[in-house]
Structure formats: structure tokens, C-alpha cells
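Morning, everyone. I have one structure to go through today. Please have a look at it before I start.

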There are 4 protein chains.
Amino acid sequence: KLDLNGILPPITTPFNDDESVAYDKLSGNLNIWNSVGFKGYVVQGSNGEFPYLTPDERVNVVKHVRKNTPEGKVLVAGSGCESTSATIEMSNKMADNGANAVLVITPSFYKSQMTPQALLNHYSKVADASTVPVVLYSVPSNTGINIPLDVLVELSQHSNIIGAKESGGDITRIGQIAHLTKNQDFQILAGSAGFMLGAYAVGAVGAVCALGNVLGAHVVQLHQLINEGNYEEARKLQHRLIAPNTAVTAKYSVPGLKTAMGWFGLQGGNLRSPLQKLSEPQIKDLRQIFVDEGFL
Amino acid sequence: KLDLNGILPPITTPFNDDESVAYDKLSGNLNIWNSVGFKGYVVQGSNGEFPYLTPDERVNVVKHVRKNTPEGKVLVAGSGCESTSATIEMSNKMADNGANAVLVITPSFYKSQMTPQALLNHYSKVADASTVPVVLYSVPSNTGINIPLDVLVELSQHSNIIGAKESGGDITRIGQIAHLTKNQDFQILAGSAGFMLGAYAVGAVGAVCALGNVLGAHVVQLHQLINEGNYEEARKLQHRLIAPNTAVTAKYSVPGLKTAMGWFGLQGGNLRSPLQKLSEPQIKDLRQIFVDEGFL
Amino acid sequence: KLDLNGILPPITTPFNDDESVAYDKLSGNLNIWNSVGFKGYVVQGSNGEFPYLTPDERVNVVKHVRKNTPEGKVLVAGSGCESTSATIEMSNKMADNGANAVLVITPSFYKSQMTPQALLNHYSKVADASTVPVVLYSVPSNTGINIPLDVLVELSQHSNIIGAKESGGDITRIGQIAHLTKNQDFQILAGSAGFMLGAYAVGAVGAVCALGNVLGAHVVQLHQLINEGNYEEARKLQHRLIAPNTAVTAKYSVPGLKTAMGWFGLQGGNLRSPLQKLSEPQIKDLRQIFVDEGFL
Amino acid sequence: KLDLNGILPPITTPFNDDESVAYDKLSGNLNIWNSVGFKGYVVQGSNGEFPYLTPDERVNVVKHVRKNTPEGKVLVAGSGCESTSATIEMSNKMADNGANAVLVITPSFYKSQMTPQALLNHYSKVADASTVPVVLYSVPSNTGINIPLDVLVELSQHSNIIGAKESGGDITRIGQIAHLTKNQDFQILAGSAGFMLGAYAVGAVGAVCALGNVLGAHVVQLHQLINEGNYEEARKLQHRLIAPNTAVTAKYSVPGLKTAMGWFGLQGGNLRSPLQKLSEPQIKDLRQIFVDEGFL
């Protein structure tokens, strides 16, 4: 079973001034990230601006990342589309281009119709057809949809579904998932650095956190401190990470994350419209948050 | 200026058993609808399952509908994508294939980033670049996003933005839009048959309503009764339409609408997964709702 | 059956500087309002700061209003409490002190437990025990709770429940209530001046609107225009009322309403903490809204 | 400074068949609870049905609990009312009757007006006037309101505000509160047994959890395991507590909790209307949840 224990940052997709994909910037970033102790990468999580990429671009970005990533690192590719058929097609194209697993976000347009049965069918069909393992992905702040607990537990029994990325931050739910899937060796990934310690305390084994793009070494250290049982140091580090994490996710989202990348030797590049660059006061505020916790 | 005064049903996209687009069923439906007094059609509104169509399919369906629709009828095509650039490209392809206007849904994935400024930029760029007029489209139940009132009013002054489809049902907002755009001859379309009379009372001039797929003649009659000032009969008809309308929208959504189409000589066809067919009890309940109001 | 056709403003409760009830200011206001063509008053609707009054004050305010109101005007008193027993006791005390009917807000603290059955029981018990007729009251923006449509329809058949104040502004729901209660002569009151015309178009017969506190004559005129079938003039007036209405409700709430009262010869008086006075920029903005629509 | 490190169950208020307070049942329960290793009790938290008690009953229940509780145990009394003045009055009456601290829920009726400034003023005035220390209380599922993080941090510097009960379960927020108040020795209490371990991991020092009413010894044990640094055993116990905890809170609320009390030798007593007794299938489901985790 593919091992996801560790930190897999959901990497950003840099764009050029004309909004085309900046493959050179992406390679440059990977070159730096490869020397951090990441377990691997998530390509085209929410921070990868995947909804703004064409189907061809989505596959090409995965291919490019694979080419620039050592074989030993795990590549999880976000392949979710609204329809089941498009998700299957995208999953297998990504697998053909080097993805070791696919991360499948909940379909969400017809919210009222995303019943337990609909989600169960969708994920079962995708997992049946995918040539690589599937990781479930709930991110209610973007989709307005969560996978119901009992659906998730039923899906955990599918041999090709190996884990879930939980981005909602509901620690009670994460604990209950860990409890109810303990016999399936189902791997729960915290979807944010903001609640990593809490999530690990109740059973998460890894994290897919945007903050890893900029503070990768610190996030990896938090993972290690927890695994060593050093809860006191872990708590101190966790505390320092919360504000920067909130700043590059809930508060300033991808524009904030790409801005911060520049301060850490990485290339955020341009955004795709309708995402907007941060204003000067926002940039100043964002920077101060990193300064306040001693990261700049 | 393109005249949208009238009923433009957001037509469904029928699929074959293998989930491919059933172009023959679509032609058959249009053949029937063409004899109802519709102003035109909306292709790929929310009821058209557009999030489940590939970019090529989206264009082809528009082309097919245009071919099967008399020239005098207005064709409004839903061209919205998450990115601004994809929306522009889709808008112009649809225009090239016969759309008289495009309906542009709010981008919604990065909800917290869809600020007034971001929406203003997005719609301005699309309207600048689109070769046909643009209709704004807010449908919070699907997207979790609404175009703020002041943004909408500012956009109403763009020469290539001719109206808005309001699906949220907020009658106060509709009245205020009518009031604040009265000098722009901005055309407000009620996004549902459930609140048509109320919306017209405060200034809407047309309606894009799912119920038109099945009860087209009645919806057209409601439009006429209101325009004739026959509010008493209008109210009676409006009352009868609410429950069937809710049944094929909020309650049973596209699966309900496609099921009901069969009862009115139309071909709903298959759905695309993850949408699920109604269960037998749901079908029975749906049918009873139409029976109760005397439509079956 | 008590006739509620008309405008019944939900009057504010003025306080002195020490936050005690300013009965003299209240009398002064009533003296002015009594000459406007109101059907009556709602005492201790949401605009009356009833959650901030002690049980004794609630009864005393009703008594005071009755004493200062001509007999021919209807007095509807907000008697809702969280528990059924307290609501019954309050209803009957208010009736003993001159209320012609009671307005009963949905209990809302244990939101998940306010099931259809719980609401049905609550209102049935209150209506059984109340010595005056009951008006149902849904105001989701304050309570997070709505009375489900089928519960409301079932309650409409209770001989001591004579109507409902609908403050949510869902015009589809209002139309459906009117349709499903047409044989009960159930009286629907629009809960805001913002959607009065739309609500009347589908069956409302009166309005309980905060704006009546300051623009009473205009709201009464809107009621008359609609009843005369003069929809064109009604629409124009409705349009002018929306922004001022939003300003004294959703935007600036009771603090805004009390501030505006001073501009129309009335005495808003102090607020009770934790409500806060408007800031100077807010007051300026509020005033401009009334100026823009020609009311100041 | 009053020490809140430990478990303080928010005890229920049993009622007789006629819905009067069942003081004898309450004494009986306390007699049992006094031998569990609780730090003390919260009287009239959300589980105490405080919104259904009259002002006099609220004080009398506190007095009765104090009389039946050993002096060494801390008594925290829920004194929150909608108005600031009523909250102050209630706080001091409760203090006079034996409360060692008061728990003050956010006012919530005028949600849009509960601005940061309004909450800051409210809590500052209450803390200034209260004769015993104040504990802040956020419970968004009941109130729809949360105390903004920066307001809470500012309030933590008030000498008479000693802690906060966090019931929202947002572990990121809890971690950030702990981080930002580390110099104030501000005591954070987890508001539910469902996320206790996670909350303690990031800095909570105690818990006010409904589940303590029925599984008190286990919740106390979880507190001890964490404090001993035995995270492995703590996790196992935490996992077992989640489903029963959810069952007596989010799922079946106070009716579920009172039902379960009977299975553990305690007397839940009657509810006050509009709360409804559980149905037989609900009782069966609830019991099975406790059986499944080995508690029955």
C-alpha cells in the first residue's frame, strides 16, 4: 500500500505574465523543495489553481512535476472533475504521466444532489477504474460539500481507496474516522498546518498543507516532533505556525501564498484571473505575520 | 439591444444510456418547444448539466441547438468557466456557433477571493472580449456566491452587459437592481418560475425557468397575464406553478426535471454521473405534485 | 376574526440615558403615529428590543402602548419566549393588558431540536392556551430557524392561529403559504417594507415593517396603491423604499432605526447594551440614503 | 486565580412531570457526581436548559447545587442574558448564591449588531461589575455567534476574565488562543468531550463536556491520561468517547443526554417544552451507540 506518512505540500502552479504556465519557475521551485524532507507532493490540490487549468494543462503539469521529482518521492495528483467519467479519464491520464495516486475532490455543483448514495457511487466508480490508488478529498470551504462520515467509512473498505485529505479541520470527525477505519490502515492526512498537532493526536499520519510551500522545513519538523512523542516542543512549533498558515490560506489564499513564496527564495509567479494580486497593505500585513512569529 | 423580454427555458441536455449526448433526443425536444411561445432558449444554464460537459461538447450542443431553432428565437448560451480566459474563449466559440448572447455564471471555487473587485474585473474582461452581449448569472444555491449589488449596478453600465439572471429569489434585491439600473435599460430575468410574479412586480422583464421545460405554455401564459395587468389571474396561475417548480428544482433538481419531461411528451434521457436517477417513491411523489395542481 | 389587513409597524422601545424604559418618549411617538393611517401596532417585534426587556417590562410596555392607542387600532404583542410555558404566561399577561393578538417568534436556542414536531407542539399549546389569537413569526436572520411550510400550513387550521409574519423575504414560500391556506382565510403579513409589493402580489394582506416607524405615511400609501391595483405607482414607491428599508434593518438594524426616527420628529431614545450607537460615518451614510430617495 | 484545570460537567436540570424543577432529582444526581473526580460543575450551560428557566429559577438552581456540592469543588454558573444589565444582575445574584465564577454566553439575537466592539463592551462591562471571575462562552451551534479571536485576546487581559469555554471545536482557533494568551495564564476549556485530546494537545487545560453527566469517570480518566503524557492510551479512550459524545450533543442533544442518564444510575427527569422526548427508535439507536463502544 502506498505510504503517505509525511508531509506532502500542495504545490502552487506559477504562471507567466501572460497567464501561461511557467514551467521553468515550477522546475526551479521543485529543485529547492526536493532537498526538504517531504514525503512527496500534491499537484493540483486547491492551491494549485487546478480549476483554472485546461484538461491538457492539468496533465502536462503533472508530467512536468514528475520529471523534476526524484523517484522516491510520492506524487499525488488532484484529478477531480464534476462528472464521474471526466474524473476517471483525468485520473488515468495523470497516472500515465507519473502520478502515484490521485486526490479526488467532491463534485459539488449540484449540492442538493450530492447525496450519500451519489458520493458513494462516484467514488466507487472512480476507484474501480483508476489505475492508481485514490485519496478522498473534502474541502467544504471551497465546495460547500463534505463526505458524510458513514460514506467515508464505507469507501475506506475499497481496496483502491487508501486515505483521505481532511481540510475542514473538524477534529472530532478526524478522530472518528481514525477510530472507525483502524482495521483498514486508512491514511488520514490533515489538510492544513493549522490543526496538524490536533489531527495527529487523534490519528492523522500525514499532512497536505499549503504552508509547506514556504515553511517546508518547519512543517516537516513538526511531523517529526510529534512522531518522536515530543509534544511540548511540537506544541510550541504548532503555535508559531498557526498565524502564518491562516494568512496563506483562509485570509489571503493562493495570492497570499504566492506572494510569500518570494520571501523564501521560491517563485510564486503570476495568478490566473479572476484571482487578484494582493494590495500593498495586504502584503505588508502578510509579511508582518511571518515576522511576528520569527520566520522572517 | 438584444431583447430578452419573455420566457427562455434553460433546456436540459439529454444523454444516452452510455452517457454520451443524445443529440436526436435534443432535436426532438426542440421540435416541440419551438411551437411554444418562448422568446428563446438558454443552453447550458444549471439545468443543462454544463459542468459535466467537456469544452468541445459545450460548443457542439450550442451548435446543435442553433441548427434546430428558428432564427427568430434568441439563443443564450451558458459560457461561464472558473477562469476568465477560459470564459472568454468559450463565449466566443459559442457565439461563433450561433449564440446571440452568453450567460456567465460567477466563478466560485475560491469563494473567499471572489471579492467585489475580482468579480468586477472578471465580468469586465469577459464583456470587453465577448463578440456577443453578456448576461450576468448569480445562482447562490449552486455556487455559494452572489454578485454584490453595487458590483452588479456598476457592471450594468458596460455596453456589452445587457442583463442579469437572478436565481437567488431575493425579491428585495431584484427590486433594487431594477431601481438602480432604470436608466440603463438593463434586463432582469427571474431565474425561477417560483417567484416570477413577484419579480415582475418589481421590475423583471423575463424569466429563465426550469419549469419551462415541462410546463412551457403555462409559464408563457403567466408572462402574458402579468404584462396584460391581469394580476388576479396571474396570481392564481403563479400559485399553481410553485409546487411543481420547487419539485423540479430545489427538491428533485435535474433528475426530477428529466423524469417529468417524459410525462409531457419530451425526452429527458439519461443523466451524467454523479447525478442519480430518482427512486420509485420519489417519482411517485413528484408525479403527485403535478397531479395535485391539475397539470397531469 | 381579527382583521390584520394593513400596516402595523413594529414599534421601537425608547430608553433613557440610564437604559430604563422611556415611557414618555413612547407616548410622544404614539401620539404622532396615531394620526398615520396604521391598522395598528406590533409591540415587541424584533425592533422593540424585546430580548432586552425583563418579563415585567414586557408587560408594562404593552399596557402603556394600549393606554396611548385608540381602541380602534389593533395591538399585536410579541410574547414569544424560549419555553412553551413562559410563552403562554406572557401571552395571557399581554392579553390582559390590552393586546388584541400575540405574535409568537420561533424558539431557537436548541436549533437542532426545533423539529417540525417540536414547533407544531409548541405553537399548538400556545394557541390552545392563549386568550387572544396567535400570529406565527419566522425571522431566520435573528433566530436561524424557519417554520417549515407544512408545519405552518397545519397550524393555519388551528382556530386560534390567524396569520403569520414572514420576515425571511422568501417570496416563493409566501406565495405557497397563500395558496395552501386559501380556504383558512389565513392572513400573511410581509415582515419588511423591502419586499412588500412582491409579497402582496402573491397573497400577503398586510405588513409589519420597521420602516413604518419613520416613513409610516409612505408605507401606508404603498399598501393603498397595491390594493387599488395601481401597480405602476406602487412599483415606483416600492423602489424608493428599498434602500431606506435595508438601511434601518439589515444594514444598521435598531441603532439605525432609532437614529433615523429623530429626523422624522420622533424620539428613538437610547439603546440597551450590548447594542451600540452608530458612529458618525454610519449616521452620515444612513442619512444620505434617505436623502438620495427624496425622503429628507 | 480560580483554578479550572479539570473536568466540569455542564449538569442537566431535571424537571418533574409538570415541568417544575425537580430539586430532589438534582440532589440525587449531585450525590453521585460528587464522588467522581470532577473539578467542579457548570450549572446552566447549554445542557442545563437555562433559556427555559425563569430568572428566579436560575438563581435558585445555583443555590441548590451549591448546597449539595462540597466546598472544594468549583461552581461555575451560566449567567448570560441578552442584555448587558440583565447579565450583570444575574451574575451577581448567582455569585451571592454560591457561584465561584460565571460563564457568560455571547448575546446573539441581533446577530448583525454583535460586532467586535459590541462584544468587547458587553464582556468588559460584565467583567467590571461581576463580583466573581468571568469565563467567556462561545457556542456557535446554538447562537450563530463566535467571539472574534482578537476580541477574545483583548478580553483575556481583563483581570476578572479568567478563561473561555470553546464549544465550536475549531482546534486551530483553540491553538491560537493558547498561543496569544500564554502570558495571561488564560484557561481554555474544551466545550465538548469529542475534541478534548486535540484541544489539550494545543493548550486547553480543562473541559466542560455534556458527556461528563453520564461517563464522568471516563472523561476524568482522559484528562489524567493526557496530563500524564500517555497519549497512546488517551487516544484509544478519546476514540471511544466520540460517538457517545456526538449522540448526547449534536445528534440527540439534551433529550438524548437525559435519556442516557437513566442508564447510568442518574435521573434525567422530564424536559421542558418545546424540547421533545426521544422516540423509541431514537432511544434504541442511542443505546446501541453506548453499547458499541462498551459503555453499556
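Predicted model: local features only at pLDDT ≥ 70, side-chain atom pairs only at ≥ 80, totals over all residues.

Let me begin with chains A and B. Chain A can be laid on chain B by a turn of 180° with a shift of 0.0 Å along the axis, and the RMSD is 0.0 Å. That is the relation of a two-fold axis. Which C-alpha of chain A is nearest the axis? It belongs to Gly144(A), and the distance is 3.7 Å. Both copies use the same surface, in that 100% of the contact residues of chain A recur in chain B.

Now the contact itself. Chain A brings 38 residues and chain B brings 38 residues. Between them, about 2900 Å² is buried, with 56% of that area from carbon and sulfur atoms. On the chain A side, the residues that lose the most area to chain B are Phe109(A), Tyr110(A) and Gln113(A), which together make up 24% of what that side buries. How many salt bridges are found across this interface? The count is zero. Polar contacts are found, in 12 residue pairs. Among the elements giving two or more residues to this side of chain A are α3, α4 and α11. Of the contributing elements, α4(A) gives the most, with five residues. By class, this side of chain A has 15 nonpolar, 17 polar and six charged residues.

Next, chain A against chain D. Here the contact takes 24 residues from chain A and 24 from chain D. The buried area is about 1900 Å², 61% of it on carbon and sulfur atoms. Thr172(A), His179(A) and His239(A) supply 27% of the area that chain A buries there, more than any other three residues. Salt bridges between chain A and chain D again come to zero, while nine residue pairs are in polar contact. Three helices of chain A, namely α7, α8 and α10, each give two or more residues to this side. The most comes from α10(A), with eight residues. The classes on this side are 10 nonpolar, 11 polar and three charged residues.

Last, helix α7, this time in chain B. Is it enclosed or open? Nine of its 10 residues, 171–180, are buried, so α7 of chain B is largely enclosed by the rest of the structure. The buried ones include Ile171(B), Arg173(B), Gln176(B) and His179(B). At the start of α7(B), a side-chain oxygen of Asp170(B) comes within 3.1 Å of the backbone nitrogen of Thr172(B).

How values were computed:
Residues numbered from 1 in each chain as written. Chains lettered and ligands numbered in written order. Heavy atoms only, no water. Buried < 20%, exposed > 50% of the residue type's maximum accessible area, 1.4 Å probe, protein only. Helix = DSSP H or I, 4+ residues; strand = E, 2+ residues; numbered from the N terminus. Polar contact = N/O pair within 3.5 Å; in protein donor to acceptor, adjacent residues only side chain to side chain. Contact = heavy atoms within 4.5 Å. Buried area = accessible area lost by both parts, 1.4 Å probe. Salt bridge = Lys/Arg side-chain N within 4 Å of Asp/Glu carboxyl O. Nonpolar A, V, L, I, M, F, W, Y, C, P; charged D, E, K, R; others polar. Least-squares fit on C-alpha atoms with pLDDT ≥ 70 in both.
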